[in-house]
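Biologist: I'd like to go through this one with you and ask how you decide what to call things. Can we look at it together?

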Amino acid sequence: MNESKAAANAAAAGSKTATLTFNETGESWELPITDGAMGPSVVDVRRFYGDTGAFTYDPGFTSTASCSSAITFIDGEKGQLLHRGYSIEDLAGKSDFMEVCYLLLHGELPSAEQKNKFETAITYHSMLHEQMLYFFRGFRRDAHPMAVMVGAVGALSAFYHDSTDITDPHQRMVASHRLISKMPTIAAMAYKFSVGQPFIYPRNDLNYSENFLYMTFAVPAEEYKVNPVLARAMDRIFILHADHEQNASTSTVRIAGSSGANPFACIAAGIASLWGPAHGGANQAVLEMLQQIGSKDRVPEFLERAKDKNDPFRLMGFGHRVYKNYDPRASVLRESAHEVLDELGMRDEPLLELAMELERIALEDDYFVDRKLFPNVDFYSGIILKAMGFPSSMFTVLFALARTVGWVAQWKEMIEDPQQRISRPRQLYTGYGPRDYVPVDQRS
Ligand code: CMC
């Protein structure tokens, strides 16, 4: 590169830059560095392809910031999680889910009046269009509730046309409220359908978590009283799952939304992505794993399997792409598990004892210590949910319900970002070069 071009390049890049040199040709480029409010800086490669003709390569996005965001911050080394600057410990201990929803969507904690108005807006949308009931009945009786969720949430696009214009801020807000509000109704209906019980309509005199427990566990034939300890634990589980920056499902929502797709379709895409066992499906997998292990004396055998590279078994609920320390959400849930089991008179629940023993032994084991593999949010949630009466097939549904606000907040942030463009990653092509077409009768 000639000197004047290099100087112009450096000037355009701004004060903080990184230099990248192609050793083969000796050519150099200055890449701008941008600092975030906290956390690692980014080397801005937006002009990299135009300038150099090369792509960057990062499958799995281990070193790539796909967007800028002001919603959630994670320091994986410290085990720190902040929403709009507030620690997850404070939010889980002192706040409630509706307040956290407002915070994620609007950036600040609400005043008493704002909170009241927000709760009214969310409550207002809690019923589903009655025709959606027929849609539910089309599913097979043994459908996994996550399959029902993907279908039913996508189908909202067919019922709520007046909130699908993403260019209208009012419609964006109405769609956000509808999604947060209807998700418990849809989730409870998915459960009721799977157990063959009548759907229970929402009750707007109950708070968000109480209403969800009521729609899930009440039956028309009997009075149902919501247990306040369980409602509080449910609310806390919702808070702990509300958002987690650019994870797989959130990135899926952003990518789907980047094409201009409607919000209901985007959230359905997020639910599909969450379903996998490496992501939200892990809470169901943890419980199944604990049941498979069965007793404390079999823990060492399963730890050996988790360490064996020739065995596909992994310790579910352990490890995280970002946390290289205890997941702060797991610490809160560990406490909640004790509270819920005490309340339900299940203090000696063998699965909890087994989970604690597994955690204790794994945290002393060099394999897990060296790789910084700690319990994650999914490790204890299944034990609480099982004790509350949810079947394991509903665990990921509850994660989806709670994460909806995070997906919606991130989707809104993306749509409102003037720098937003359609997401279109590139690739390192490893296939054939051009070749001649051979008619079928001449192929060997
Ligand atoms: N059990 C045994 N070994 C593990 C585990 C585990 N749970 N997790 C990671 N490792 C090992 C892995 O084999 C690798 O070892 P080596 O360096 O010798 O090849 C090393 O640790 C790094 O793992 P990785 O797969 O490269 O890490 P990743 O960041 O790509 O994966 C993860 C993160 C969460 C998918 C993975 O830790 C995992 O599969 N955990 C179990 C599933 C789980 O609990 N998922 C929930 C995540 S938290 C909630 C959410 O995000 O939805």
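This is a predicted model: local features need pLDDT of at least 70, side-chain atom pairs count only at pLDDT 80 or more; totals for chains, interfaces and linings use all residues.

Biologist: What makes β4 and β5 a pair?

Modeller: Pairing takes at least two bridges between the strands. β4 (residues 72-75) and β5 (residues 80-83) are joined by 4 bridges, so they count as paired, and they run antiparallel. The hairpin has 4 residues between the strands, and Gly79 takes a positive phi near 75 degrees.

Biologist: And why do β5 and β6 count as paired?

Modeller: The cut-off is at least two bridges, and β5 and β6 (residues 86-87) have 2, so they pair, again in the antiparallel sense. His83 stands opposite Tyr86 in β6. This hairpin has 2 residues between its strands, with Arg84 in the turn at a positive phi of about 50 degrees.

Biologist: How do you know which residues line the second largest pocket?

Modeller: A lining residue needs an atom within 4 Å of a pocket point, and 21 residues line this one. Met98, Leu206, Asn207, Tyr208 and Ser209 lie nearest its centre. The pocket's volume is about 350 Å³. Helices α4, α5, α8, α9 and α10 each supply at least two lining residues.

Biologist: What is the lining made of, by class?

Modeller: It has 8 nonpolar, 7 polar and 6 charged residues. Met, Leu and Tyr count as nonpolar, so Met98, Leu206 and Tyr208 go in that class.

Note on methods. Residues are numbered from 1 along each chain as its sequence is written. Side-chain values use heavy atoms; hydrogens and water are left out. On a 1 Å grid over the protein atoms alone, a cavity is a set of points where a 1.4 Å probe fits but cannot get out, and a pocket is an open set with protein on both sides within 12 Å along at least five of seven lines; lining residues have an atom within 4 Å of a point. Grid points are joined across faces, edges and corners, and a volume is the space filled by probe spheres set on the points.
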